[in-house]
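Trainee: Before we talk, could you put the model on the screen?

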Amino acid sequence: MTGSGNVCQPAGGDFWPNKGYESVSLLRWIAGARNRLRELKHPTMRIQPLRYSFRGAAGVAILLALCTPARVASELSEARSWAFQLQNVDPMEIKLSPYDVVVIDYGFDRRNATAFPREVVDLMRTKPDGKKRLILAYFSIGEAEDYRYYWQDTWLKNRPEWLEPENPDWPGNYLVQYWHPEWQALLFGNPNAYLDRILAAGFDGVYLDGPDKFEQWKRRRPSAAPDMVALIGAIATYARAQRSDFLIIPQNGDGLLGNPQLLRMIDGFGREDLLYSENQPDARNSQHNIDESVRRLRSVTAAGKPVLVVEYTGQPERAASMLREIKELGFIGYVADRDLKSLSPPVFGCGQPDCSQ
(Lines give C-alpha, C1' and ligand atoms only; values in the text may rest on other atoms or scores of the structure.)
Protein backbone atom coordinates (compact mmCIF):
# COMPACT_ATOMS: atom_id res chain seq x y z
CA MET A 1 0.00 0.00 0.00
CA THR A 2 1.46 3.35 -0.99
CA GLY A 3 2.63 5.48 1.91
CA SER A 4 2.30 2.68 4.44
CA GLY A 5 5.77 2.95 5.92
CA ASN A 6 6.57 3.84 9.52
CA VAL A 7 5.30 7.10 10.94
CA CYS A 8 7.63 9.83 9.71
CA GLN A 9 10.14 10.88 12.38
CA PRO A 10 12.73 13.08 10.65
CA ALA A 11 15.87 14.27 12.39
CA GLY A 12 14.98 16.86 14.96
CA GLY A 13 11.30 16.06 14.54
CA ASP A 14 10.92 18.55 11.68
CA PHE A 15 9.02 18.08 8.45
CA TRP A 16 7.00 19.74 5.73
CA PRO A 17 6.12 18.80 2.17
CA ASN A 18 8.65 19.92 -0.40
CA LYS A 19 6.93 23.22 -1.20
CA GLY A 20 9.43 25.69 0.24
CA TYR A 21 7.52 26.24 3.46
CA GLU A 22 9.22 26.75 6.80
CA SER A 23 9.82 23.45 8.63
CA VAL A 24 7.74 22.87 11.75
CA SER A 25 7.58 19.99 14.20
CA LEU A 26 4.81 17.44 13.79
CA LEU A 27 3.31 18.14 17.19
CA ARG A 28 3.53 21.89 16.68
CA TRP A 29 1.82 21.53 13.31
CA ILE A 30 -1.02 19.49 14.80
CA ALA A 31 -1.50 22.05 17.59
CA GLY A 32 -1.54 24.84 15.02
CA ALA A 33 -4.03 22.95 12.89
CA ARG A 34 -6.36 22.61 15.90
CA ASN A 35 -6.22 26.37 16.35
CA ARG A 36 -6.97 26.93 12.68
CA LEU A 37 -9.98 24.66 12.93
CA ARG A 38 -11.32 26.71 15.81
CA GLU A 39 -10.72 29.99 13.99
CA LEU A 40 -12.24 28.74 10.70
CA LYS A 41 -10.23 31.16 8.60
CA HIS A 42 -11.02 31.37 4.91
CA PRO A 43 -8.04 31.39 2.53
CA THR A 44 -8.48 33.64 -0.47
CA MET A 45 -6.88 31.26 -2.97
CA ARG A 46 -8.68 31.23 -6.30
CA ILE A 47 -8.14 29.58 -9.66
CA GLN A 48 -9.20 30.69 -13.10
CA PRO A 49 -11.71 28.61 -15.06
CA LEU A 50 -9.99 26.06 -17.28
CA ARG A 51 -11.24 26.00 -20.86
CA TYR A 52 -9.62 22.93 -22.29
CA SER A 53 -11.70 19.80 -22.88
CA PHE A 54 -11.48 16.42 -21.16
CA ARG A 55 -13.97 14.71 -23.46
CA GLY A 56 -11.26 12.68 -25.16
CA ALA A 57 -9.59 11.77 -21.86
CA ALA A 58 -12.88 10.62 -20.38
CA GLY A 59 -13.55 8.38 -23.36
CA VAL A 60 -10.09 6.82 -23.15
CA ALA A 61 -10.58 6.38 -19.41
CA ILE A 62 -13.74 4.35 -19.91
CA LEU A 63 -12.09 2.19 -22.57
CA LEU A 64 -9.17 1.52 -20.24
CA ALA A 65 -11.49 0.75 -17.35
CA LEU A 66 -13.41 -1.76 -19.47
CA CYS A 67 -10.16 -3.53 -20.37
CA THR A 68 -9.03 -3.73 -16.74
CA PRO A 69 -9.86 -6.84 -14.69
CA ALA A 70 -12.29 -6.33 -11.82
CA ARG A 71 -10.39 -4.94 -8.83
CA VAL A 72 -10.39 -6.47 -5.38
CA ALA A 73 -8.22 -4.35 -3.08
CA SER A 74 -6.90 -6.71 -0.39
CA GLU A 75 -6.45 -4.12 2.38
CA LEU A 76 -9.98 -2.84 1.91
CA SER A 77 -11.50 -6.30 1.61
CA GLU A 78 -10.02 -7.16 5.01
CA ALA A 79 -11.55 -4.11 6.73
CA ARG A 80 -14.01 -4.78 9.56
CA SER A 81 -14.76 -1.23 10.66
CA TRP A 82 -14.80 2.29 9.30
CA ALA A 83 -15.36 5.89 10.39
CA PHE A 84 -16.48 9.07 8.67
CA GLN A 85 -15.57 12.57 9.91
CA LEU A 86 -15.56 15.77 7.85
CA GLN A 87 -15.08 18.53 10.42
CA ASN A 88 -12.76 19.19 13.38
CA VAL A 89 -10.45 16.35 12.41
CA ASP A 90 -7.78 15.70 15.04
CA PRO A 91 -4.96 13.60 13.52
CA MET A 92 -3.91 12.20 16.90
CA GLU A 93 -7.47 11.14 17.70
CA ILE A 94 -7.69 9.29 14.41
CA LYS A 95 -4.29 7.68 14.97
CA LEU A 96 -5.41 6.38 18.37
CA SER A 97 -8.76 5.09 17.11
CA PRO A 98 -9.30 1.40 16.25
CA TYR A 99 -10.97 1.88 12.85
CA ASP A 100 -9.65 0.04 9.79
CA VAL A 101 -10.81 2.71 7.31
CA VAL A 102 -11.30 6.42 8.01
CA VAL A 103 -12.84 8.94 5.61
CA ILE A 104 -11.92 12.59 6.20
CA ASP A 105 -11.71 15.82 4.26
CA TYR A 106 -8.30 16.21 2.68
CA GLY A 107 -7.74 19.70 4.12
CA PHE A 108 -7.69 21.15 7.60
CA ASP A 109 -9.08 24.63 7.03
CA ARG A 110 -12.57 25.75 6.10
CA ARG A 111 -11.77 26.28 2.41
CA ASN A 112 -9.60 23.16 2.36
CA ALA A 113 -7.03 25.13 0.39
CA THR A 114 -4.27 23.49 2.44
CA ALA A 115 -4.05 19.73 2.41
CA PHE A 116 -2.91 17.69 5.36
CA PRO A 117 0.84 17.19 4.87
CA ARG A 118 1.79 13.71 3.71
CA GLU A 119 3.50 13.05 7.05
CA VAL A 120 0.29 13.77 8.93
CA VAL A 121 -1.64 11.41 6.63
CA ASP A 122 1.01 8.78 7.43
CA LEU A 123 0.55 9.48 11.14
CA MET A 124 -3.20 8.88 10.89
CA ARG A 125 -2.61 5.74 8.84
CA THR A 126 -0.83 3.93 11.71
CA LYS A 127 -3.11 2.24 14.26
CA PRO A 128 -2.24 1.94 17.96
CA ASP A 129 -1.19 -1.70 17.46
CA GLY A 130 1.22 -0.71 14.67
CA LYS A 131 -0.97 -2.07 11.88
CA LYS A 132 -2.06 0.12 9.00
CA ARG A 133 -5.46 1.60 8.27
CA LEU A 134 -6.69 3.16 5.05
CA ILE A 135 -7.17 6.94 4.98
CA LEU A 136 -9.61 8.06 2.28
CA ALA A 137 -10.37 11.62 1.23
CA TYR A 138 -13.94 12.82 0.82
CA PHE A 139 -14.38 14.09 -2.75
CA SER A 140 -17.61 15.71 -3.95
CA ILE A 141 -18.15 15.27 -7.69
CA GLY A 142 -21.88 15.94 -8.16
CA GLU A 143 -22.13 19.37 -6.55
CA ALA A 144 -19.95 22.46 -6.29
CA GLU A 145 -19.39 23.68 -2.75
CA ASP A 146 -18.92 27.37 -1.99
CA TYR A 147 -16.65 26.51 0.95
CA ARG A 148 -14.01 24.90 -1.31
CA TYR A 149 -10.78 26.52 -2.44
CA TYR A 150 -11.88 26.47 -6.09
CA TRP A 151 -15.06 28.48 -5.50
CA GLN A 152 -15.16 31.94 -7.06
CA ASP A 153 -17.54 34.44 -5.52
CA THR A 154 -18.17 35.98 -8.96
CA TRP A 155 -19.88 32.77 -10.08
CA LEU A 156 -23.20 33.80 -8.57
CA LYS A 157 -23.24 36.96 -10.67
CA ASN A 158 -21.57 35.55 -13.77
CA ARG A 159 -22.72 31.97 -13.49
CA PRO A 160 -20.71 29.34 -15.43
CA GLU A 161 -22.94 27.38 -17.78
CA TRP A 162 -22.28 24.20 -15.80
CA LEU A 163 -23.39 25.67 -12.43
CA GLU A 164 -27.00 24.96 -11.45
CA PRO A 165 -29.20 26.31 -8.58
CA GLU A 166 -28.31 25.89 -4.93
CA ASN A 167 -29.39 22.75 -3.10
CA PRO A 168 -32.22 23.90 -0.77
CA ASP A 169 -31.39 21.16 1.74
CA TRP A 170 -27.66 21.94 1.89
CA PRO A 171 -26.90 25.68 1.64
CA GLY A 172 -23.67 26.38 -0.16
CA ASN A 173 -23.96 23.29 -2.38
CA TYR A 174 -24.82 23.75 -6.06
CA LEU A 175 -25.83 21.06 -8.53
CA VAL A 176 -23.46 20.90 -11.49
CA GLN A 177 -23.43 19.55 -15.03
CA TYR A 178 -20.90 16.94 -13.99
CA TRP A 179 -20.16 15.92 -17.60
CA HIS A 180 -19.04 19.45 -18.48
CA PRO A 181 -15.31 19.81 -19.32
CA GLU A 182 -14.88 22.94 -17.18
CA TRP A 183 -16.27 21.22 -14.09
CA GLN A 184 -14.13 18.14 -14.69
CA ALA A 185 -11.06 20.36 -15.09
CA LEU A 186 -11.64 21.59 -11.54
CA LEU A 187 -11.83 17.98 -10.35
CA PHE A 188 -8.70 16.47 -11.91
CA GLY A 189 -5.98 16.85 -14.51
CA ASN A 190 -3.70 19.64 -13.27
CA PRO A 191 -1.67 20.32 -10.10
CA ASN A 192 -4.28 22.72 -8.72
CA ALA A 193 -7.22 20.33 -9.25
CA TYR A 194 -9.11 18.72 -6.38
CA LEU A 195 -8.06 15.11 -7.02
CA ASP A 196 -4.46 16.06 -7.75
CA ARG A 197 -4.20 17.72 -4.33
CA ILE A 198 -5.56 14.57 -2.72
CA LEU A 199 -3.02 12.44 -4.56
CA ALA A 200 -0.18 14.77 -3.59
CA ALA A 201 -1.16 14.50 0.08
CA GLY A 202 -0.74 10.72 -0.01
CA PHE A 203 -4.28 9.52 0.68
CA ASP A 204 -5.06 5.88 -0.08
CA GLY A 205 -8.10 6.72 -2.16
CA VAL A 206 -11.24 8.82 -2.49
CA TYR A 207 -14.76 8.52 -1.14
CA LEU A 208 -16.85 10.01 -3.94
CA ASP A 209 -19.92 11.93 -2.88
CA GLY A 210 -22.61 12.88 -5.38
CA PRO A 211 -22.91 9.95 -7.82
CA ASP A 212 -26.63 9.89 -6.98
CA LYS A 213 -27.01 13.35 -8.53
CA PHE A 214 -27.57 11.62 -11.86
CA GLU A 215 -31.13 11.03 -10.63
CA GLN A 216 -31.82 14.77 -10.76
CA TRP A 217 -30.78 14.89 -14.42
CA LYS A 218 -32.56 11.84 -15.83
CA ARG A 219 -35.54 13.74 -17.23
CA ARG A 220 -33.47 16.46 -18.85
CA ARG A 221 -30.53 14.31 -19.95
CA PRO A 222 -31.13 10.70 -21.04
CA SER A 223 -27.40 9.95 -20.75
CA ALA A 224 -27.22 11.12 -17.11
CA ALA A 225 -26.42 7.67 -15.67
CA PRO A 226 -23.72 6.67 -18.18
CA ASP A 227 -22.29 10.20 -17.91
CA MET A 228 -21.79 9.66 -14.18
CA VAL A 229 -20.22 6.26 -14.74
CA ALA A 230 -17.92 7.89 -17.31
CA LEU A 231 -16.85 10.54 -14.81
CA ILE A 232 -16.10 7.94 -12.12
CA GLY A 233 -14.16 5.93 -14.70
CA ALA A 234 -12.14 8.97 -15.77
CA ILE A 235 -11.30 9.77 -12.14
CA ALA A 236 -10.29 6.15 -11.47
CA THR A 237 -8.10 5.87 -14.55
CA TYR A 238 -6.41 9.21 -14.00
CA ALA A 239 -5.64 8.46 -10.34
CA ARG A 240 -4.44 4.91 -10.97
CA ALA A 241 -2.10 6.06 -13.72
CA GLN A 242 -0.21 7.73 -10.88
CA ARG A 243 -0.95 5.23 -8.10
CA SER A 244 -2.05 1.78 -9.23
CA ASP A 245 -3.40 0.91 -5.76
CA PHE A 246 -5.49 4.08 -5.41
CA LEU A 247 -8.98 3.25 -4.09
CA ILE A 248 -12.27 4.48 -5.57
CA ILE A 249 -15.40 4.21 -3.39
CA PRO A 250 -18.56 5.99 -4.56
CA GLN A 251 -21.20 6.93 -1.99
CA ASN A 252 -24.91 6.65 -2.86
CA GLY A 253 -26.36 6.28 -6.33
CA ASP A 254 -26.71 2.50 -6.03
CA GLY A 255 -29.01 2.69 -9.05
CA LEU A 256 -25.77 2.85 -11.05
CA LEU A 257 -24.71 -0.61 -9.85
CA GLY A 258 -26.76 -2.22 -12.59
CA ASN A 259 -24.01 -1.03 -14.94
CA PRO A 260 -21.28 -3.72 -14.88
CA GLN A 261 -18.71 -1.12 -15.97
CA LEU A 262 -19.04 0.66 -12.64
CA LEU A 263 -18.52 -2.48 -10.59
CA ARG A 264 -15.29 -3.16 -12.45
CA MET A 265 -13.97 0.35 -11.71
CA ILE A 266 -14.65 0.60 -7.99
CA ASP A 267 -13.12 -0.98 -4.88
CA GLY A 268 -16.17 -0.73 -2.64
CA PHE A 269 -19.36 1.24 -2.23
CA GLY A 270 -20.70 3.64 0.40
CA ARG A 271 -24.35 4.08 1.32
CA GLU A 272 -26.02 6.65 3.56
CA ASP A 273 -29.40 6.17 5.22
CA LEU A 274 -29.87 2.59 4.10
CA LEU A 275 -32.22 1.74 6.97
CA TYR A 276 -33.35 5.08 8.44
CA SER A 277 -33.79 8.79 7.71
CA GLU A 278 -34.41 8.64 3.97
CA ASN A 279 -37.41 10.96 4.39
CA GLN A 280 -37.11 12.25 7.95
CA PRO A 281 -34.60 11.86 10.78
CA ASP A 282 -34.71 8.57 12.73
CA ALA A 283 -37.72 7.32 10.74
CA ARG A 284 -37.46 3.80 9.36
CA ASN A 285 -37.29 3.64 5.57
CA SER A 286 -39.93 1.67 3.70
CA GLN A 287 -39.16 -2.02 3.54
CA HIS A 288 -39.51 -1.90 -0.24
CA ASN A 289 -36.77 0.74 -0.51
CA ILE A 290 -34.51 -1.13 1.92
CA ASP A 291 -34.94 -4.42 0.05
CA GLU A 292 -34.31 -2.79 -3.33
CA SER A 293 -31.15 -1.06 -2.11
CA VAL A 294 -29.86 -4.23 -0.43
CA ARG A 295 -30.48 -6.17 -3.65
CA ARG A 296 -28.34 -3.71 -5.58
CA LEU A 297 -25.60 -3.64 -2.95
CA ARG A 298 -25.36 -7.44 -3.04
CA SER A 299 -23.63 -7.12 -6.41
CA VAL A 300 -20.79 -5.30 -4.65
CA THR A 301 -20.27 -7.87 -1.89
CA ALA A 302 -20.67 -10.70 -4.44
CA ALA A 303 -17.63 -9.23 -6.20
CA GLY A 304 -15.68 -9.43 -2.94
CA LYS A 305 -15.83 -5.70 -2.33
CA PRO A 306 -17.10 -4.10 0.90
CA VAL A 307 -20.19 -1.96 1.37
CA LEU A 308 -19.72 0.86 3.90
CA VAL A 309 -23.00 2.00 5.45
CA VAL A 310 -23.39 5.15 7.52
CA GLU A 311 -26.53 5.83 9.53
CA TYR A 312 -27.23 8.98 11.52
CA THR A 313 -28.73 9.12 15.00
CA GLY A 314 -27.97 10.44 18.45
CA GLN A 315 -29.75 7.59 20.21
CA PRO A 316 -27.30 4.91 21.47
CA GLU A 317 -29.87 2.12 21.61
CA ARG A 318 -30.97 2.78 18.05
CA ALA A 319 -27.34 3.01 16.97
CA ALA A 320 -26.64 -0.44 18.40
CA SER A 321 -29.69 -1.83 16.62
CA MET A 322 -28.62 -0.24 13.33
CA LEU A 323 -25.13 -1.66 13.59
CA ARG A 324 -26.37 -5.16 14.36
CA GLU A 325 -28.69 -5.09 11.36
CA ILE A 326 -25.99 -3.74 9.05
CA LYS A 327 -23.61 -6.49 10.17
CA GLU A 328 -26.28 -9.16 9.61
CA LEU A 329 -26.66 -7.87 6.04
CA GLY A 330 -22.94 -8.45 5.52
CA PHE A 331 -22.04 -4.76 5.33
CA ILE A 332 -19.74 -2.59 7.49
CA GLY A 333 -21.59 -0.04 9.59
CA TYR A 334 -20.83 3.29 11.20
CA VAL A 335 -23.20 5.56 13.13
CA ALA A 336 -22.65 9.27 13.76
CA ASP A 337 -24.33 12.64 14.04
CA ARG A 338 -25.18 13.96 10.59
CA ASP A 339 -22.88 16.97 10.91
CA LEU A 340 -19.90 14.57 11.08
CA LYS A 341 -18.08 16.94 13.42
CA SER A 342 -16.64 14.26 15.67
CA LEU A 343 -15.32 10.72 15.60
CA SER A 344 -17.78 8.28 17.12
CA PRO A 345 -16.26 6.26 19.99
CA PRO A 346 -15.74 2.57 19.14
CA VAL A 347 -18.57 1.30 21.33
CA PHE A 348 -20.92 3.64 19.44
CA GLY A 349 -19.30 3.65 16.02
CA CYS A 350 -19.01 -0.08 15.47
CA GLY A 351 -21.22 -1.48 18.21
CA GLN A 352 -18.50 -3.10 20.29
CA PRO A 353 -15.33 -2.07 22.16
CA ASP A 354 -13.08 -3.82 19.64
CA CYS A 355 -14.01 -2.72 16.11
CA SER A 356 -11.89 -5.47 14.56
CA GLN A 357 -14.25 -8.23 15.67
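What follows is a set of questions and answers on this model.

Mentor: This is a predicted model, where local features need pLDDT of at least 70 and side-chain atom pairs count only at pLDDT 80 or more, while totals for chains, interfaces and linings use all residues. Residues are numbered from 1 along each chain as its sequence is written, and side-chain values use heavy atoms, with hydrogens and water left out.

Trainee: How many helices and strands does the protein chain have?
Mentor: Helices (H or I, at least four residues) and strands (E, at least two) are taken as DSSP runs, numbered from the N terminus. On that basis the protein chain has 12 helices and 13 strands.

Trainee: What percentage of the residues in the protein chain is buried?
Mentor: Buried means under 20% relative accessible area, exposed means over 50%, and partly exposed is in between (1.4 Å probe, protein chains only). The protein chain has 357 residues, and the buried share is 54%.

Trainee: Of the contacts with a separation of 6 or more, what percentage is between residues 24 or more positions apart?
Mentor: Contact means heavy atoms within 4.5 Å. Among contacts in the protein chain with a separation of 6 or more, the share from residues 24 or more positions apart is 70%.

Trainee: Which residues of helix α7 are buried?
Mentor: Helix α7 spans residues 194-201 and is mostly covered, with 7 of its 8 residues buried. These residues pack against α5, β5, β6, α6, β9 and α8. The buried ones are Y194, L195, D196, R197, I198, L199 and A201.

Trainee: Which residue just after α7 takes a positive phi?
Mentor: Helix α7 covers residues 194-201. Just after α7, a positive phi of about 90° is found at G202.

Trainee: Why does the ring pair of Y150 and Y194 tie together parts of the chain, and how many residues apart are they?
Mentor: Rings of Phe, Tyr and Trp (its six-membered ring) pair if their centres lie within 6.5 Å; planes under 30 degrees apart count as stacked, over 60 as edge-to-face and the rest as tilted. Y150 and Y194 form a tilted pair, 6.2 Å centre to centre with 50° between the planes. Y150 lies in the loop between β6 and β7 and Y194 in helix α7, so the pair joins parts whose separation in sequence is 44 residues.

Trainee: Over the ring of which residue does the charged end of R197 sit?
Mentor: A charge sits over a ring if NZ of Lys or CZ of Arg is within 6 Å of the ring centre and within 35 degrees of the ring normal. R197 is among the buried residues of α7. Its charged end is 3.7 Å from the centre of the ring of Y149.

Trainee: Is N252 buried or exposed?
Mentor: N252 is in the loop between β10 and α9. Its phi is positive, about 70°, although N252 is not a glycine. Most residues other than glycine have a negative phi. At 10% relative accessibility, N252 counts as buried.

Trainee: How far is the backbone nitrogen of D282 from a polar atom of the side chain of S277?
Mentor: S277 is in the loop between β11 and α10, and D282 is in the loop between β11 and α10. A polar contact is a pair of N or O atoms within 3.5 Å; within protein, one must be able to donate a hydrogen and the other to accept it, and residues adjacent in sequence count only if both atoms are side-chain atoms. The backbone nitrogen of D282 and a polar atom of the S277 side chain are separated by 2.9 Å.

Trainee: What separates the C-alpha atoms of D212 and G253?
Mentor: D212 is found in the loop between β9 and α8. Leaving aside neighbours within four places in sequence, D212 is in contact with N252 and G253. D212 and G253 are 41 residues apart along the chain, and their C-alpha atoms are separated by 3.7 Å.
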